Amino acid sequence: MSAEAIATPLTDASDRLSRPLLRPSKVLMWSVLMVGGLLMVLPFIFMVSTSLKFNNEIYELSLLPKEPTWSNYQFLFEETRFFRWFVNSLIIATITTVSVLFFDSLVGYTLAKFKFRGRIFVFVAILSTLMIPTEMLIIPWFLLSRDLGWLDSYWGIMFPGMMTGFGTFLMKQFFESVPDDFLDAARIDGLNEFQIWWEVAMPLVKPALAALAIFIFLGNWTAFLWPLIVTTSEDLYTIPVGFAAFSGEFTTDWELIMTGATVATLPTLLIFIMFQKFIIRGVMLTGLKG
Amino acid sequence: MSLQSSREPFDSGTPGVVAGGVKGFTVAEKKAVWAWIFLALPIVFYVGIRFYPTFSAFIISFTDWNIVGDKNFIGLENYIRLTQDAVFWKVLVNTLLYGIIGLPVSLILAFVVAYYLDQVRFMHGFIRALYFLPFLTTAAAMGWVWRWFYQPVPVGVFNLILVDFGFDQQPFLRSTTQALPAVLAPAIWAGLGFQIVIFLAGLRAIPSTYYEAAKIDGAGAWLILREITVPLLKPTTVFLIVISTIGFLRIFDQVFNITNQGDGGPLNATKPMVLYIFETAFDSFDMGYATAQTVILFLMLLVITLLQLWYLRKK
């Protein structure tokens, strides 16, 4: 991954060498930060290690299983519907992400690059949706879904998140930095406005699109409240909802619960490890712009 | 229509280039048509899935609707009922406690880590990643991991460690006083990395000339922190206060997964507003009463956002 290449700061070694001395206070500071960081990830280590243990060993604090086993995973994928939930989440998060990328960037582009009457009004209206908490919308969404027959379906889970005010705002900011000359040149070449957006403008904001894609995917992967409300049949659960139902049933089988938690969390951890620098830069960017 | 060509003064460059065009539309007009074509579906979405539901939430909150019966307009009755509902007061206090405890604890921890991490170069990215990792996890899954940690001996990690060091076992989730902080801990843990990263970005945005000048003047680290870093970090801090407060007041996933049967117990000791809303709406199907609660939550969050806007405008 190209993100991996940026991940190792080149200045690190030279910076360190140019310093005259390693002062003890600096070493102490570093060590405390490191220990704190390791404590932060300790819950994951416990989670993963317990998922590899047999039931009789889970009462021991040791992080390394004496007899590592995949049997918990085998049970999860063969005897429960975890695989189905995993696939559901994958499909839902992917479709939602594609939709958000398409529409948020289209709207962001339109608001950034077209001058027309009502532009400010549309922008402020979309921006104002950021102030409406999901909790206030779920009851009306539930009614809407019930009346339109969307309850207990993929579409029912997905529809509220198909576009976002946050993504629109973010993409608008990025499209504003695209020079108008590029777009005018394409206009002279006879491209229509849709082609100009798709073929000229979109490639120029790829980094922003990638950052948005990661946030939206993760947001949908971890979403809990709405999928919990809108789904009733087990086959349609997303992984957090399925996991919660499963754990409620096996309340004391901690090795199985930890296995489920690992399965639910692993994809997000993998995405983070792959795109670490990129994600953090994205968070910084949105934080500063927000 | 075609005569009013330069209605948009900002678009002056283009009309000359491809004047005329289809049916005598000017370039500016054609672009406006394209703009509305692009916005058509999104407008349907925002009106249908955001604005109309917001509007109807307010309407439902003035009715006695229970999903099967008729919607009868009952005025402010739901809101009056809220003021007399002991459980609502309890969950309101709990919600505020999540914010009042969660915000300072998480923000101070995040600032201390960010402040020192900013000065560390060796393995900077790796350490930052360790702190950030919990932010990306599924709250439902982490709720169960922490629930396991809080179990009594011989299961729970925390109690095993306490007993190993010769301390008494703690009831954690079974105690009405310890349960709320115990539920809050994973929420703080999960959000810390985000706060740290935002603080780091803010710290990096402070021009180094300020620090250099201060050092030349002989200012010590404490003075620099107090007189330069903290004041210049204020916009970042305000942003984090708003985002984090809203996050804590909307707490749900952790409580639902960490407490027994997801009931916000023991004895409602950990139940936040969102969980009470969820129960009122989807266990009791008392939709009118539940939406009245969502309106209160909305107003609380709105006040926080408006305070931020007011602060930003003041600057």
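Helices (H or I, at least four residues) and strands (E, at least two) are DSSP runs, numbered from the N terminus. This is a predicted model, in which local features need pLDDT of at least 70 and side-chain atom pairs count only at pLDDT 80 or more, while totals for chains, interfaces and linings use all residues. Residues are numbered from 1 along each chain as its sequence is written, and chains are lettered from A and ligands numbered from 1 in the order in which they are written.

Begin with the loop between H11 and H12 of chain B, where Asn268(B) is found. Asn268(B) has a positive phi of about 60° although it is not a glycine. A residue is buried if 20 or more other C-beta atoms lie within 10 Å of its own, exposed if 12 or fewer, and partly exposed in between, with C-beta atoms placed from the backbone; Asn268(B) counts as partly exposed because it has 17 such neighbours. The loop between helix H11 (253-258) and H12 of chain B also holds Pro266(B), and the peptide bond that leads from Gly265(B) to Pro266(B) is cis, with omega near 0°.

Select next the loop between helix H5 (139-149) and helix H6 (157-164) of chain B, which contains Pro154(B). Here a cis peptide bond joins Val153(B) and Pro154(B), with omega about 10°. As background for these stops, most residues other than glycine have a negative phi, and most peptide bonds are trans.

Now show chain A, whose secondary structure comes to 16 helices and zero strands. Its C-alpha trace spans about 70 × 70 × 35 Å along the principal axes, and 42% of the 290 residues of chain A count as buried. Asp152(A) counts as partly exposed because 14 C-beta neighbours lie inside 10 Å. In helix H7 of chain A, select Arg146(A), which counts as partly exposed with 13 C-beta neighbours inside 10 Å.

Turn to the place where the chains touch. Two residues are in contact if their C-beta atoms, placed from the backbone, lie within 7 Å, and 73 residues of chain B are in contact with 73 residues of chain A. Helix H1 (residues 27-60) of chain B gives the most to the side of chain B that touches chain A, with 16 residues. That side of chain B has 55 nonpolar, ten polar and eight charged residues, where Ala, Val, Leu, Ile, Met, Phe, Trp, Tyr, Cys and Pro count as nonpolar, Asp, Glu, Lys and Arg as charged, and the others, Gly among them, as polar.

Centre the view on Val145(B), which, leaving aside its neighbours within four places in sequence, is in contact with Pro43(A), Met47(A), Met258(A) and Ala261(A).

Finish with helix H13 (residues 287-314) of chain B. The expected span of a helix is 1.5 Å times one less than its number of residues, so the 28 residues of H13 of chain B should span 40 Å, which agrees with the 40 Å between its end C-alpha atoms. Its buried residues include Met287(B), Tyr289(B), Phe298(B) and Leu301(B), and what covers the buried residues of H13(B) includes helix H7 (134-148) of chain A together with H1, helix H2 (77-84), helix H10 (234-249) and helix H12 (273-282) of chain B.
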